[in-house]
Every structure is written in structure tokens, then in C-alpha cells.
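Subject: Structure handover

Hello,

The structure is below, followed by notes on what was found in it. Please look it over before you set anything up.

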Amino acid sequence: MTVVEFFDGVSINNMVSCLAIKPEKIIFVGQKKMMRKQEEAYRRFVNKYGIQVTFEFRPVNVNNLEKLIELLTEIVENEDECTFDLTGGEDTVLVAMGIVYEKYHTTKKVQMHRFNINTGVASDFDNDGVIPSVQMPELTVEDNITLYGGSIVPYDGNKGTFVWYIDEDFEKDVRTMWTLCKKNPTLWNAEIIAMASIAKRINPEQPELYVKVNAQRFETVLTTSRVDKKDFKRFLEFLHKQGLLQEFKANSQGVEFLFKNSQVKRCLTKAGNVLELMVLFSAKNATDKQGNKRYNDAVVGAFIDWDSSLHDFDDEEKDTANEVDVVLMRGIVPVFISCKNGNVDENELYKLNTVASRFGGLYAKKVLVVTSAANQSKNGYEYLCQRAEDMKIQILENVHIFTDDEFERKISNLLC
């Protein structure tokens, strides 16, 4: 079978038939410049996942109805069996398709279908009762980014996408930290900033998880971080009692302790990690009304390179890259989530909107998960909400007062 795709600016519109129908051949019809830009990404995608398909790119001025009809006529006359995917493409292309179909539908095997990307359902657009056999895939986050020409940058010890090892013990530790964080997110942020300063390794020979600071440095860090000394000592005592810190000592000489493990250390030295992981846990546990998993993949701290080419510092061409707090996949629909455990800058909305548009187009869901969006002036809060609405960004706020079940339900309903 040959599928004809009317080339669109949104990659999933162009590739949904390739993924769901798996034809032997795809003919892309569209603007030369637009197709050339994505051709390499599509070939890389099918090669990576072993999809056996032949691509043919047929450039045409999509604003020239006569040329469009001429090209589509040529395709119909030269292909034994072809189906036209109407999921994407310009209005003029659809007009040309209607004209060509009316001319050939009684003499040639020409079919038309269209996909609803959100539901994965194919519709019959030629009213012959025949719909192609569809097996809609479940893309991973990495699949989706690759499809749009980007890549997930692996963690190199400094930056990139850190892969968390999630087991029952670590999830319990994160939930313990979240219990403390949600009592006072603002205080949590301040204490974690102080913890990061205290835990900074000055001596490279010092064990990674071991921390020892003298009283003077301890006092200086707390003063700089504007954290009360008694509050911080209670914070450390709680962490020690819960087993998150080991070998804990605090006296007139200073403070000494050992982090339970490297992942706990990451959570206790970057304020937003615990909230991001709670979103991850909620997503993994989320189900629909039939009890099916709501999301088939999730990545925390996804560091995305836009052109799938990593450049050195001295290169004239520089990387465009973004880090997204959480990315979820529901079938072929991506959900981009920014998590803020405190005040929200308007720029956060623009960054979220930009990366979601680049790697999901109009189908991408955009969510801002916050503990305290209203912790600003009334006018500032109203403006933030209005800008989010303009960009179709859903705000999920006051998550620190949610029960675990409510958190899961809210995350589960993001696509509703």
C-alpha cells in the first residue's frame, strides 16, 4: 500500500500513517523547503526503530491549485493502490484532493482517511466503509523527541538527563521529603539552598556523600540563605530521624553527616526535585476510568537538544536546548510539565510554550504544576493566569495541599 501525506508543520501529522498503518511506501507532497528540513529526521526515526518503508518526497507549490491537481493526478495514475491521509496539509491541498478524488474514485482504488491524534481513531473520508487496519503505537518520550528532529541528551555527570532509579525504598524516601516540603514550600526552598551550599565539595578528595562543616561556615551559609539556625537544625534532625541522613552530629564545632545515597542527596540539594518526582509517581500510578494506565512513558528532567547534534563550546554553531521538568506520553500525545515550588516567572510560561510547540505542535499538552502561583500581587497573579490561558497552558496549583490520591487524580485528568 502507498500512503500519500500532505506535508504539515507538525511531525505527527506527517508520520501517523507510517506508525499506525505501516505502508510499504509514503509519498510526501508539500513545500520543498519544509520537507527537506524534516527528511533527515524522519529517515533517522524509521531507521532507529526498524520500520520498513520507502519515502518519496514530491515538492510542489501548495498555493498553486493547478500544479497540485497535476501532481495528485500523476500519483493516482501511477500507483496501483493508494490512500490519502488528510490529517495535515493546507486548505488548497484538500481542495485539490477533492477534485482528483471526484475524477478517479470510480475507476481507480483511491481512498481517503483522517486521524484524530488525541484519540488515535481513523475516520473514513471517502464514505466507502473501508478504513485501513490501524495499530496505533505508544511512543516513548525519546521516540517523540526523535520524531521532531531532536534528541534526549544523556547525563554526563554534569548536565543532561539524569536517570533516576526508582524502587520502593527510594519512592518512600521521596514521599517522606515531600511530606516535609508541603508543610512550608517556601521554607523548604530556603533550607535546600542552604543544604546545597553546605554539601558543596570544597575538597575533591572528600567522599561524595560525606559532609563536614565547621561552625563558622555553617553560620555563614545560614545567614546568606536567610535560614534560622534552630529551624535548620530541626530540619537536619528530621532527616536523620527518617534515615535520610546518617552519622549525624551537630555541636559547637560544627555539623557532620552522611547522605543516605546519591539520589537522596540530589533531592536534598536541588529544591524542585522532590516536586518533579511526585509528579512522576502520580503519573505512573494514574489510571483512566477503565483502570488502564493513563501514561505509557515519563521522563523527569528531560534535557532536549533541538537538532539532535551536540556541539562543542568552540563550534560556531551552538545548540538550542531546553530542560523540561517532566514529560509524559499518552499514546502519541506528549504532555510537557513545568514544576515550580514557589513563585512563577512569566518567562517560565514562554519557555514551556516554546518547547512544547517545537516537540508536539498543536497536540502538545502544557501544564504548570505549582505550590503557590498566588504568592504574588493580585494583578501579577491575574496576568499570569491570563497569559497561561492565552498559551493554552493548564495551571495545577496548590499541589502541596493535595492528598496523594488527589495528586494522582489531578495528573490523570490532564488530558481530559
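The chain contains 14 helices and 15 strands; helices (H or I, at least four residues) and strands (E, at least two) are DSSP runs, numbered from the N terminus. This is a predicted model, in which local features need pLDDT of at least 70 and side-chain atom pairs count only at pLDDT 80 or more, while totals for chains, interfaces and linings use all residues. Residues are numbered from 1 along each chain as its sequence is written, and side-chain values use heavy atoms, with hydrogens and water left out.

Overall figures

The C-alpha trace spans about 90 × 45 × 40 Å along its principal axes. Of the 416 residues in the chain, 49% are buried (under 20% relative accessible area; exposed is over 50%, partly exposed in between; 1.4 Å probe, protein chains only). Among contacts (heavy atoms within 4.5 Å) with a separation of 6 or more, 69% are between residues 24 or more positions apart.

There are 51 positive and 62 negative side chains, and the centres of the two sets are 6 Å apart. Lys and Arg count as positive and Asp and Glu as negative, with His and the chain ends not counted; each charge is placed at NZ of Lys, CZ of Arg, CG of Asp or CD of Glu.

Sheet

An open sheet of six strands has the order β7-β11-β12-β13-β14-β15, with mixed pairing (two strands pair if DSSP finds at least two bridges between them). β7 (151-152) and β15 (393-396) are at the edges with a single partner strand each, so one side of each has no neighbour in the sheet. Strands β13 (residues 333-340) and β14 (residues 365-370) run parallel and are joined by six bridges. Phe-336 has Lys-366 as its bridge partner in β14.

Individual residues

Ser-225 belongs to helix α8 (residues 215-225) and is buried at a relative accessible area of 15%. Leaving aside residues up to four places away in sequence, Ser-225 touches Ala-190, Ile-193 and Ala-194.

The whole structure has zero disulfides (pairs of cysteine sulfur atoms within 2.5 Å). For Cys-82, the nearest cysteine sulfur is that of Cys-18, 17 Å away; Cys-82 is buried, at 2% relative accessibility. For Cys-267, the nearest is that of Cys-181, 11 Å away, and Cys-267 is buried at 0%.

Regards
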